[in-house]
Amino acid sequence: MQDLDEFDKKILNQLQQNNRVTAEELGHIVNLSTSAVQRRLKRLREDKIIEADISIISPSVVDSFITCVVDVTLYLGNSSVIDSFKELMSECKLVRHCYYVTGAYDFVIIVNTKDMKEYELFSKTYLMDNPNVKQFYTHVVMDKVKAEFGVII
């Protein structure tokens, strides 16, 4: 970990639970002055330790009812094919997560769609019609048991 002391770790743990907590409230929790917390937050953001401050919105609010976990295998494992697929997935708004992985598959992607018809269109456009994709397997999520977005500090 990049030069994080115990105060930084406490601040980061609090922010992962609630990123709307004020610097003053954080100061009380971690036993630092408000200005000391503000300086630390500024450094943590500038050093990209805090990558983003976001709100997590329920997919159902925006008509994304289907979540699919897709395992993808490419024909060739050369860097240009891999980079091309990374770029393609990065540009697709339906892809919520894309992981380049080791093992039997090359990529694991998480896709949110409003229905199976939209997923079918996604799979045709980005997977079936992609000459670099050898095969893919889709797992439709039946229930979100646990979804953590933070890291253990």
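# Salt bridges, helix packing and a surface patch

Arginine 43 forms a salt bridge with aspartate 8, and the closest N and O atoms of the two are 2.7 Å apart; a salt bridge is a side-chain nitrogen of Lys or Arg within 4 Å of a carboxyl oxygen of Asp or Glu. This pair links distant parts of the chain, since arginine 43 lies in helix α3 and aspartate 8 in helix α1, 35 residues apart. The model is a predicted one, in which local features need pLDDT of at least 70 and side-chain atom pairs count only at pLDDT 80 or more, while totals for chains, interfaces and linings use all residues. Residues are numbered from 1 along each chain as its sequence is written, and side-chain values use heavy atoms, with hydrogens and water left out.

**Salt bridges**

- The structure holds seven salt bridges, and side chains of opposite charge can pair when their charged atoms come close.
- Aspartate 5 forms a salt bridge with arginine 40, with 2.9 Å between the closest N and O atoms.
- That pair also links distant parts of the chain, because aspartate 5 sits in the segment before α1 (6-17) and arginine 40 in helix α3, 35 residues apart; helices (H or I, at least four residues) and strands (E, at least two) are DSSP runs, numbered from the N terminus.
- Asp5, Asp8, Arg40 and Arg43 are linked in a network of salt bridges.
- Lysine 124 and glutamate 120 meet through their side chains in a salt bridge of 3.4 Å, N to O, and both residues lie in helix α5 (residues 116-128), four residues apart, which is about one turn of the helix.

**How exposed the paired residues are**

- Buried means under 20% relative accessible area, exposed means over 50%, and partly exposed covers the range in between (1.4 Å probe, protein chains only).
- Aspartate 8 counts as buried because its relative accessibility is 1%, whereas arginine 43, at 28%, counts as partly exposed.
- In the other pair, arginine 40 is buried, with a relative accessible area of 17%, and aspartate 5 is partly exposed, with 30%.

**Packing of α2 and α3**

- Helix α2 (residues 23-30) and α3 pack at an angle of about 105 degrees, with their axes 8 Å apart; axes are lines fitted to C-alpha atoms, for helices over the stretch in contact, and angles run from 0 to 180 degrees between N-to-C directions.
- That makes α2 roughly perpendicular to α3, a term used for angles of 65 to 115 degrees.
- Ala23, Glu24, Leu26, Gly27 and Val30 in α2 meet Thr34, Val37, Gln38 and Leu41 in α3, where contact means heavy atoms within 4.5 Å.

**A buried methionine**

- Methionine 89 lies in helix α4 (residues 79-91) and is buried, with a relative accessible area of 1%.
- Not counting residues up to four places away in sequence, methionine 89 touches Val95, Cys98, Ile109 and Tyr126.

**A nonpolar surface patch**

- Ile54, Ile56 and Phe149 make a nonpolar surface patch of about 340 Å²; patches consist of residues with over 30% relative accessible area and no salt bridge, with like charges joined within 9 Å and nonpolar side chains (Val, Leu, Ile, Met, Phe, Trp, Tyr) within 5 Å.
- Isoleucine 54 has its place in the loop between α3 (34-46) and β1 (66-74), and it counts as exposed at 55% relative accessibility.

Conventions: Accessible areas come from the Shrake-Rupley method with a 1.4 Å probe; for residues, only the protein chains shown count as cover. Angles under 35 degrees count as roughly parallel, over 145 as roughly antiparallel, 65 to 115 as roughly perpendicular and the rest as oblique.
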